[in-house]
Amino acid sequence: MVKARRYVVKKQFSGLPKRDDFEIVEQELPPLKNGEILVKAEWVSVDPYQRAYNSRYPVPYNQFSFQVAVVKDSKDPQYPIGTRVVSHKGWCDYCIIDTTGGSLNPTDKPYKLPPLNNLSPSLGVGAVGMPGATAYFGLLELCKPKAGETLVVTGAAGAVGSLVGQIGKIKGCKVIGFAGDDAKVKWLEEIGFDKAINYKTADISAALQKAAPKGVDMYFDNVGGEISSLIINQMREFGRVAVCGSISSYNEDPNKTPKATILQPALVFKQLKIEGFLVWRWIDRWPEAFAQIIKWINSGELKPREHVTEGFDKIYDAFVGMLNGENVGKAVVKM
Ligand code: NAP
């Protein structure tokens, strides 16, 4: 019998999630049935969507997220012991996975970690996982970057944003990133962003005007709110906006979300295209993104960075730390 621990959300979040909103539940796992595998988590992800999706789930629920785990016992010959598996089982140390997914929800279907050779398996929840696919498809499919164009990305030093900016550079664009502290700004310029700006201290419009005097062709929006209105108001004709997330309001009271400057004049007069997306749209094509991203990492063109917290007991701290902007690159927990 294996004893497993997992985080259960027992109270709906209000504002920044509190430790007390979670309960750690211990349970002896039952014997495996055919088509099931027992896995031990190695890397667990903490992501903004866990905060954003909270209000959709009645409590109590198991805290979902992606994790990379190793098969310890198997009743599915496709997943022998030792196989590394990416699943959406979330914040738990051991768990049983039904390898068929057990439902129609695409997130429930586990898959084998792509071969990473000498790269860290942690990339399976980052650059070679859901955030990598988000950056890849959001930028390439919606913004359709062309060499010489100017791309702006917010949340630029985070998991998705730092990949978006680097892929923009690979595509020959001029890339401007906004991030929340000077150390992040310095790192972004080190990895090739043409300009990085601290949105907490700069005059956003003036700094952007200086960095992109001819205007912005593409905006990859990770944060929403007023900064997005300011950026969209500096776009060039036929600019493209990919709306990926709006983390600036995830901890706000949903009945009192902040107001921002209206966008319609810029959308109309500049004939802009603005499109929201969910990365699940391209789930069948994720392997294509992963193969390309692995190639870019191996060639040195893409440098994924991780912000590692250690220990099952520290997952909550890693989560809140990420929401507070403590992470540079992908926030992950090493189990
Ligand atoms: P991340 O950027 O690694 O981490 C979150 C970052 O958000 C923090 O480091 C912080 O950086 C920033 N932040 C926090 N509060 C903020 C605020 N009030 N204003 C501006 N920035 C703030 O997270 P991620 O996983 O890459 O996710 C980035 C965005 O993509 C999120 O909005 C997420 O929901 C979205 N997303 C969407 C999809 C999709 O399918 N559409 C998939 C994945 C992620 P600073 O220090 O710079 O403030």
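Where does Asn 117 lie? It is in the loop between strand S8, residues 111-112, and helix H2. Keep in mind that this is a predicted model. Asn 117 counts as exposed, because its relative accessibility is 71%. Asn 117 and Asn 233 are 116 residues apart in sequence. In space, their C-alpha atoms are 45 Å apart.

Now follow the chain into H2. Which helix does H2 pack against at about 90 degrees? H8. In general, two packed helices are described by the angle between their axes and the distance between those axes. For H2 and H8, the angle is about 90 degrees and the axes are 9 Å apart. That makes H2 roughly perpendicular to H8; the range for that class is 65 to 115 degrees.

Who touches whom? From H2, we have Met 130, Gly 132, Ala 133, Tyr 136 and Phe 137. They meet Trp 286, Glu 288, Ala 289, Phe 290, Gln 292, Ile 293 and Trp 296 in H8. By class, this contact has nine nonpolar residues, two polar and one charged.

Next, the aromatics. How many aromatic pairs does the structure hold? It holds 23. Let me start with Phe 137 and Trp 282. Their ring centres are 5.5 Å apart and their planes are at 15 degrees, so this pair is stacked. Stacked needs planes under 30 degrees apart. Phe 137 lies in H2, residues 130-143. Trp 282 lies in the loop between strand S14, residues 273-276, and H8, residues 286-299. So the pair ties together parts that are 145 residues apart in sequence. Phe 137 is buried, and Trp 282 is buried too.

A second stacked pair is Trp 280 with Trp 286. Centre to centre, that is 5.3 Å, with 25 degrees between the planes. Are the two partners buried or partly exposed? Trp 280 has 21% relative accessibility, so it counts as partly exposed. Trp 286 has a relative accessible area of 2%, so it is buried. Trp 286 is also one of the H8 residues that meet H2.

There is a cluster as well. Tyr 7, Phe 13, Phe 22, Trp 91, Phe 312, Tyr 316 and Phe 319 form one aromatic cluster.

Last, charges over rings. The charged end of Arg 56 sits over the ring of Tyr 53, 4.2 Å from the ring centre. The charged end of Arg 305 sits over the ring of Trp 187, and there the distance to the centre is 5.1 Å.

Conventions: Residues numbered from 1 in each chain as written. Predicted model: local features only at pLDDT ≥ 70, side-chain atom pairs only at ≥ 80, totals over all residues. Heavy atoms only, no water. Phe/Tyr/Trp six-rings, centres within 6.5 Å; stacked < 30°, edge-to-face > 60°. Helix = DSSP H or I, 4+ residues; strand = E, 2+ residues; numbered from the N terminus. Buried < 20%, exposed > 50% of the residue type's maximum accessible area, 1.4 Å probe, protein only. Lys NZ or Arg CZ within 6 Å of the ring centre and 35° of its normal. Axes fitted to C-alpha atoms, helices over the stretch in contact; angles between N-to-C directions. Parallel < 35°, antiparallel > 145°, perpendicular 65-115°, else oblique. Contact = heavy atoms within 4.5 Å. Nonpolar A, V, L, I, M, F, W, Y, C, P; charged D, E, K, R; others polar.
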